[in-house]
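Please find below a colleague's note on the model under review. The points are set out in numbered order for reading beside the coordinates.

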Amino acid sequence: MKIPYNVRKVVYEEAITTFGTVSQIWMAVEEMSELTKELAKGQRPNGTSAAALADEIADVTIMMEQLGILFEVNQQVQDRIDFKVERLAQRIEKAREEQHG
C-alpha cells in the first residue's frame with residue numbers, strides 16, 4: 001500500500017509533536033549512522049543484504065522528510081535536488097564525451 005505524502009506528513013508532524021524536535025533530530029542522526037554501517041558492511045563479502053539496505057534507506061528517507069518539515073525547507077530542498085540532478089546530468093554527458101573522444 002502506497003501512503004501519499006500528505007498522509008505521511010500528518011504522521012511526521014505527530015511524531016515531531018509527540019517526541020519533540022531534538023529527539024527527532026537525534027533519531028535522524030541515528031538512522032543515518034545505521035545506513036552508513038550497512039553501506040560499510042556491504043563492502044565485505046556477504047556483509048549485508050538488499051533487504052537490510054532497503055530498510056535503512058527507508059528509515060533515512062522518513063527522517064529526511066521529517067527534517068524538511070522541522071526546518072521548513074521542503075521547497076528549498078526540492079529546488080536544490082533539481083539543480084544538483086541537472087548538474088549531475090551535465091557531468092555525465094561531459095564524462096561520456098571525454099570517454100568517446
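1. Basis of the note. The model is predicted; local features need pLDDT of at least 70, side-chain atom pairs count only at pLDDT 80 or more, and totals for chains, interfaces and linings use all residues. Residues are numbered from 1 along each chain as its sequence is written, and side-chain values use heavy atoms, with hydrogens and water left out.

2. Helix H3. This helix covers residues 50-70, 21 residues in all, and reaches 30 Å from its first C-alpha to its last, close to the 30 Å expected at 1.5 Å a residue. The expected span is 1.5 Å times one less than the number of residues. Helices are DSSP runs (H or I, at least four residues), numbered from the N terminus. After H3 comes Glu72, which has a positive phi, near 50°.

3. Burial of H3. Its buried residues are Glu56, Val60, Met63, Glu65, Gln66, Leu67, Gly68, Ile69 and Leu70; buried means under 20% relative accessible area (1.4 Å probe, protein chains only). Their cover includes helix H1 (5-19), helix H2 (21-41) and helix H4 (74-99).

4. Nonpolar core. The largest such core comprises seven residues: Tyr12, Ile16, Ala28, Met63, Leu67, Ile69 and Leu70. H1 and H3 each supply at least two residues of this core, and H3 gives the most, with four. A nonpolar core is a set of buried Ala, Val, Leu, Ile, Met, Phe, Trp, Tyr and Cys residues joined through side-chain atoms within 4.5 Å. Leaving aside neighbours within four places in sequence, Leu70 is in contact (heavy atoms within 4.5 Å) with Ile16, Thr21, Gln24 and Ile25.

5. Packing of H2 against H3. How do these two helices pack? Their axes lie 9 Å apart, at an angle of about 150°. H2 is therefore roughly antiparallel to H3, a term for angles over 145 degrees. Axes are lines fitted to C-alpha atoms, for helices over the stretch in contact, and angles run from 0 to 180 degrees between N-to-C directions. Among the residues that meet are Ala28, Glu31 and Leu35 in H2, and Glu56, Val60 and Met63 in H3.

6. Glu31. This residue is found in helix H2. Is Glu31 buried or exposed? Glu31 counts as buried because its relative accessibility is 10%. Not counting residues up to four places away in sequence, Glu31 touches Glu56, Asp59, Val60 and Met63. The C-alpha atoms of Glu31 and Thr61 are separated by 9.3 Å, although the two are 30 residues apart along the chain.

Definitions and conventions. Buried < 20%, exposed > 50% of the residue type's maximum accessible area, 1.4 Å probe, protein only. Parallel < 35°, antiparallel > 145°, perpendicular 65-115°, else oblique.
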